[in-house]
Amino acid sequence: MVTKAAKLESIYLLPRFNSMLTRRSKLSFLLGTCSLFLWVNHPVTLATPISQDNSPPSQFICPADLATEIDRILARPDYQGTYWGILVKSLNSQENLYSLHENNFFTPASTAKLLTTAAAFSKFNRDYRLKTPILAQGNPPNLETLTLVGRGDATITTEKLEKLAEKLKAGGINSISRLIIVASPFVVSDSQKTWEWEDVFFDYAVPASSLVLNENSVNLRLLPRQLGQSLDLQWSDPIAAKQWLIENQTSTAAQGSPNTLAIKGNLANNRLIITGSLAIDSQDDFNLAIPQPSEYFLDRWRNILEKAGITVKNAEISSEIRGDEITNLESEPIAYLVEKVNKNSDNLLAETLLQMLGGVSGLQETLTKLGINSDSYKIGDGSGLSRQNLIKPNTLGQILQLMAENPDYRRSLAIGGIDGTLTNRFRQTPLEGRLQAKTGTLTGVTALAGYLETADNQPLIFSITVNNSDKPATTLRNGIDEVILLLGQLKRC
């Protein structure tokens with residue numbers, strides 16, 4: 001896979017790229033009787049930014065010549081055998097300026113997030129927040145129970161729980177007989193069942209769940225020691241680290257040696273086997289998904305309370321909701337979540353939005369109310385990691401047209417050459433700051449869809465998706481960008 005969706009798309013967030021642009025270029029499997037092994041190798045392949053040196057000559061193009069110019073790009077040897085779906089239309093007049101296979105189905109990668117986020121804005125007010133209730137039995141200073149009921153808020157962090165613990169301590173609570181967390185009836189996500197197995201160990205492929213803390217991910221940093229010695233493993237969170245059984249089969253190599261690190265994971269017993277070598281003058285990082293998120297949440301929550309001076313006698317995961325609500329945790333508002341999903345291609349938050357919508361059926365119902373025919377797309381998840389997703393370029397164009405007057409939706413998209421997953425694209429070109437779009441990348445799939453302004457300030461909608469290619473993502477991305485730069489040169493004539 002070549003992604004990181006976001007974390008797989010976030011080129012500017014190097015360790016976490018979106019739909020499959022992650023830290024490895026080679027992945028392989030070893031499948032045992034009761035276990036699945038995953039090998040992950042480095043390094044990441046990044047896009048080559050379009051610059052003044054490799055952009056088309058600065059000149060105007062008449063709409064009548066657009067098809068010839070685009071076809072010339074698509075006819076190059078690099079794109080032979082690839083399957084292109086393109087729609088370009090005027091935002092104001094809705095006139096089609098160019099189209100190719102616009103009514104055929106394509107694997108969309110992370111441009112599928114355009115549907116998820118449009119539905120979220122349609123169903124929820126921009127200021128809507130998920131609330132995580134905190135219930136108690138008994139009276140300070142000694143509570144019988146303190147219960148946290150998970151409702152799917154993926155923005156809960158250690159810092160938020162620390163502030164909550166301080167609040168409880170200030171309220172006179174000194175001890176808790178039973179600390180309980182409840183995985184509430186949040187819609188069960190089947191998204192991960194359709195993801196590629198090589199992704200499920202990593203932070204960009206964390207599934208939505210009712211209990212999420214620190215995005216259910218942890219960073220593992222590998223540092224050299226003396227020559228020949230195994231590498232030093234440093235975890236960003238020691239409590240999360242306890243969930244893994246580690247076999248450190250690494251070694252420190254001489255200065256300038258290649259990085260040959262790989263992780264072999266065993267799904268049956270949460271075992272990580274780390275192999276390979278790392279030069280003595282370098283370091284490496286892996287961002288991993290936490291395998292048992294509810295257990296991690298409980299252990300971390302208990303640790304935070306005890307650090308705040310609140311004694312916890314027993315801690316458990318339960319389905320039993322006890323006591324009266326005394327306070328709650330609030331998520332960030334929907335507008336904030338949508339911006340992180342689209343601008344940074346955050347897969348976990350996209351899956352969270354899907355579950356808030358009621359799963360795939362809820363998404364379809366909402367999109368139907370928006371006027372999107374359910375026959376024009378097939379959705380397996382909310383993030384675009386699933387290869388079961390199929391969307392027509394024309395459908396993406398419809399979504400963009402419908403949402404064009406929503407300033408929060410437009411604002412949520414990455415801006416060419418400025419931020420998000422487009423930070424390193426269209427920089428120092430005429431389209432820098434004049435293009436808002438959603439990226440998409442999977443192995444063999446590259447996509448871009450959004451809005452741009454032409455040379456004479458005419459707003460356009462575009463959707464470009466490339467499937468069935470064995471070329472590197474950078475090659476496909478540069479082809480898409482060249483088409484987009486042509487669109488920016490359009491002028492009425």
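Modeller: Two strands count as paired if DSSP finds at least two bridges between them, where strands (E, at least two residues) and helices (H or I, at least four residues) are DSSP runs numbered from the N terminus. This is a predicted model, in which local features need pLDDT of at least 70 and side-chain atom pairs count only at pLDDT 80 or more, while totals for chains, interfaces and linings use all residues. Residues are numbered from 1 along each chain as its sequence is written, and side-chain values use heavy atoms, with hydrogens and water left out.

Colleague: What makes β6 "mostly covered"?

Modeller: Seven of the nine residues of β6 (residues 142-150) are buried, that is, under 20% relative accessible area with a 1.4 Å probe and protein chains only (exposed is over 50%, partly exposed in between). β6 also pairs with β5 (residues 131-139) in the antiparallel sense over six bridges, and the two form a hairpin with two residues between them. On to β7 (residues 175-183): eight bridges join this strand to β6, and these two run parallel.

Colleague: Why is the crossover from β6 to β7 called right-handed?

Modeller: With the strands pointing away from the viewer, a right-handed path from the first strand over the helix to the second runs clockwise. The chain crosses from β6 through helix α3 (residues 158-170) to β7, and this β-α-β crossover is right-handed.

Colleague: How do you know that helix α6 is largely enclosed?

Modeller: Eight of the 11 residues of α6 (residues 334-344) are buried, so the rest of the structure largely encloses this helix. Among the buried ones are I334, L337 and V341. They pack, by contact (heavy atoms within 4.5 Å), against α2 (113-123), α7 (347-356), α10 (407-412), β18 (414-415) and β19 (435-442).

Colleague: And what makes a set of residues a nonpolar core?

Modeller: Buried Ala, Val, Leu, Ile, Met, Phe, Trp, Tyr and Cys residues joined through side-chain atoms within 4.5 Å form one. The largest has 49 residues, and L146, L161, L288, F297, W301 and L305 touch the most other members. Helix α5 (residues 293-307) gives this core its largest share, six residues.
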